[in-house]
Amino acid sequence: MGIACCKEEEIDFTQEVELNHFHLLRSVGKGAFGKVRVVQHKGTQQIYALKYINKAKCIKMRAVENIIQERRLLEEVECPFVCNLRYAFQDDENLFMVIDLMLGGDLRFHLDRMGMMKEDMIRFYTAEVACGLAYLHGRRIVHRDLKPDNVLLDEKGHAHLTDFNIAVHYREEKPLTAVAGSMAYMAPEILAKKGYFSSVDWWSLGVMAYELAFGKRPFRAKTNEALQQSILHDDLEFPSNTSDLVSSECVDCIKLLLTRDITKRLGTKESGGLDRFRAHPWFKGYDWEIIGKKEGNPPFTPDSKRANFDATHELEELLLEDNPLKAKPRKKKKEGEEDKPKEGEDPAITKEMRIMEDKFTVYDYTKTRKGLGSLQGNQPGSQSSMTAVQKIPNAAPCTTGRADRQDYSIHKDVMEGRDAEVNMTGVASMESSPNKSRRESEKPQLDPPPVPSPIMERP
Ligand SMILES: Nc1ncnc2c1ncn2[C@@H]1O[C@H](COP(=O)(O)OP(=O)(O)OP(=O)(O)O)[C@@H](O)[C@H]1O
């Protein structure tokens, strides 16, 4: 890439990636651990989502292992149905992950607005997410937190899995045992504590499909304890007007996904895997070759003229953040200094900080095999020839260059926060925020709940 001249500065993009390599654009989200912002690479002009996590907060929330794990796992993943990692780096205050930007909003956002989704949308998202799951499971990765909040749409309306916070590698010979995930989407075998593998993601897919179809989850209760009992024992019930809303094939598919016996649950390895899933009558007429290449026709195109995210994040950032994100050079530490706790600082925290900083290594996809492949091989903006179904490792959908600049110009106002509609929505919705249901919606639980814990299954 070499040296590019920006108005205010000269940046050597051959040097290690840092925050200064990006223009900071608008804020689009906030998770339990960090915030998400749109950024643009100053060299390539490519736009991305920047997820940043305050290091001190990360330690305080005991989320270090989760963030390190997320960064590590994402480095291994390159799939058309995943928000792929492009860069990772840190400064003195924050850890940064730069990921594929999804302009279409998440399924929670759209479900909140629609109440229920049309069957062709549910079928399409179920199919694309299934491709993403099959890709992950082919690499012995289980996501464990599949729910509408964690499926993001791109501007065309294709679905992508995100939030690998509690995703984990598993080994065939060693079942996972941690109670991890968001309770309402958790498979019974997680709650039964007898060990589980990737089957749990197929159950969550069933819960998600049910929720998209009927606007409520299949198992509901007032307390976690009661919810757990319901998931473990209650019969699956459908609303009385189900036949007015969806086809019997859709109901059958959801029933099969929400089957407690994993040898009969649709999608699981034990029940015939993705082949049996694809053969289900609900997907009759689907060309899986095309779906797997992300060339299927999305039945819903997110509105590109308005932001498909909660604009209150932007306002919160502007009005309430007293330490706004800014590129700062890292302080040079004198030898041995990092080992010494600052005055009044707990030595255990200093130690944890150092471990976290060492483990959160720099990642730059342009300097990896997949990045080089995509930069040389593909047309800008084109999808790669990889399909999730084929499970070919390291193939990259390349979205750099001209096409992206065009995309950026289409969305420039939205990205930079000049869309009137969004600003108005943001102001109007401080009280009746569309994010309300997100706040009320299930938060991922780790073991022991409710505080996210670093005590996680590690292979
Ligand atoms: N790649 C992306 N492109 C566009 N928006 C994104 C992207 N990733 C996240 N977001 C937005 O930012 C929000 C916060 O994302 P983030 O992954 O930090 O938190 P989360 O999904 O709530 O998970 P958790 O709180 O468990 O970490 C999301 O809900 C989504 O609206």
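This tour moves from the ligand to the residues around it and then out along the strands behind them.

The model is predicted, so local features need pLDDT of at least 70 and side-chain atom pairs pLDDT 80 or more, whereas totals for chains, interfaces and linings use all residues. Residues are numbered from 1 along each chain as its sequence is written, and side-chain values use heavy atoms, with hydrogens and water left out.

Select the ligand and the 20 residues around it, of which Ala32, Lys51, Asp100, Met102 and Asp163 come nearest; a residue is counted here if one of its heavy atoms lies within 4 Å.

Next, show the polar contacts, that is, pairs of N or O atoms within 3.5 Å. A polar backbone atom of Met102 lies 2.9 Å from a nitrogen atom of the ligand, while a polar side-chain atom of Asp163 is 2.5 Å from a ligand oxygen atom.

Now colour the strands, which are DSSP runs of E with at least two residues, numbered from the N terminus. Strands S3 (22–30), S5 (47–54) and S7 (94–100) each supply at least two residues of the shell around the ligand, and the largest share, 3 residues, comes from S3.

Finally, select S7, where 7 of the 7 residues are buried, so the strand is largely enclosed by the rest of the structure; buried means under 20% relative accessible area, with a 1.4 Å probe and protein chains only. S7 pairs with S5 in the antiparallel sense over 7 bridges, pairing being called when DSSP finds at least two bridges between two strands, and Ile53 stands opposite Leu95 of S7.

Conventions. Polar contact = N/O pair within 3.5 Å; in protein donor to acceptor, adjacent residues only side chain to side chain. Helix = DSSP H or I, 4+ residues; strand = E, 2+ residues; numbered from the N terminus. Buried < 20%, exposed > 50% of the residue type's maximum accessible area, 1.4 Å probe, protein only.
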